[in-house]
Amino acid sequence: MQEFTELDQWREPLERMRAWVLAGVERQDDAFLDRWNHDWATKVGVVAAYLEPGQLRPDETWKLQALGVVLGDAMALRTAARWVELHDEQGTDPCLWLGTSDTKLVFPMTMIAKRVESGATLTVQDLIGMVDFVAEAALEPRGVAEDSPSEDGLGRRVARLVHRLRR
């Protein structure tokens with residue numbers, strides 16, 4: 001039987017993962033931190049910078065899962081989704097509840113790790129597509145009209161951010 005609850009046992013591990021990702025960003029002025037906390041595209045840009053060739057190995061599962069957590073945070077910023085814990089016979093896992101009446105759950109912590117471990121190379125557009133997919137599935141997307149990934153400018157904006165973060 002599946003049941004989901006507010007974050008409890010996963011709250012601290014998720015915070016450690018977020019902290020590890022943020023620690024890799026060299027320039028963290030107040031403007032960047034404000035964007036980090038409020039702009040989903042900034043989080044996607046940081047994740048994409050970590051996924052550039054040579055940054056992480058496919059066997060660095062914890063780090064790849066940490067990137068998935070930040071990707072999940074981007075999804076939550078873009079939608080009404082929130083982190084919860086799913087309890088079932090397999091154990092307890094963190095996931096995003098999309099706020100829909102039919103209990104749609106997304107597991108972003110493993111989205112990146114599974115793909116990279118299987119040999120896939122993820123681009124900025126792939127990450128934006130994942131966020132966009134979740135936003136389309138959510139009952140209450142936020143900011144879709146003004147910052148839709150399908151707009152030409154957003155992909156370039158995130159790509160510029162990735163370039164700046166890796167300089």
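Predicted model: local features only at pLDDT ≥ 70, side-chain atom pairs only at ≥ 80, totals over all residues.

Modeller: Residues are numbered from 1 along each chain as its sequence is written, and side-chain values use heavy atoms, with hydrogens and water left out.

Biologist: How do you know that strand E1 and strand E2 pair?

Modeller: Two strands pair if DSSP finds at least two bridges between them. E1 (residues 3-6) and E2 (residues 82-88) share four bridges, in the antiparallel sense; one of the pairs is Thr5 with Glu85 of E2. Strands (E, at least two residues) and helices (H or I, at least four) are DSSP runs, numbered from the N terminus.

Biologist: What joins E2 to strand E3?

Modeller: Seven antiparallel bridges link E2 with E3 (residues 91-97), and His87 stands opposite Thr92 in E3. The two strands form a hairpin with two residues between them.

Biologist: Why is H1 called oblique to H2?

Modeller: Helix H1 (residues 11-23) and helix H2 (residues 30-38) pack at about 140 degrees, with axes 13 Å apart. Angles under 35 degrees count as roughly parallel, over 145 as roughly antiparallel, 65 to 115 as roughly perpendicular and the rest as oblique; H1 is therefore oblique to H2.

Biologist: Which residues make the contact?

Modeller: With contact meaning heavy atoms within 4.5 Å, Arg18, Val21 and Leu22 of H1 meet Phe32, Leu33 and Trp36 of H2.

Conventions. Axes fitted to C-alpha atoms, helices over the stretch in contact; angles between N-to-C directions.
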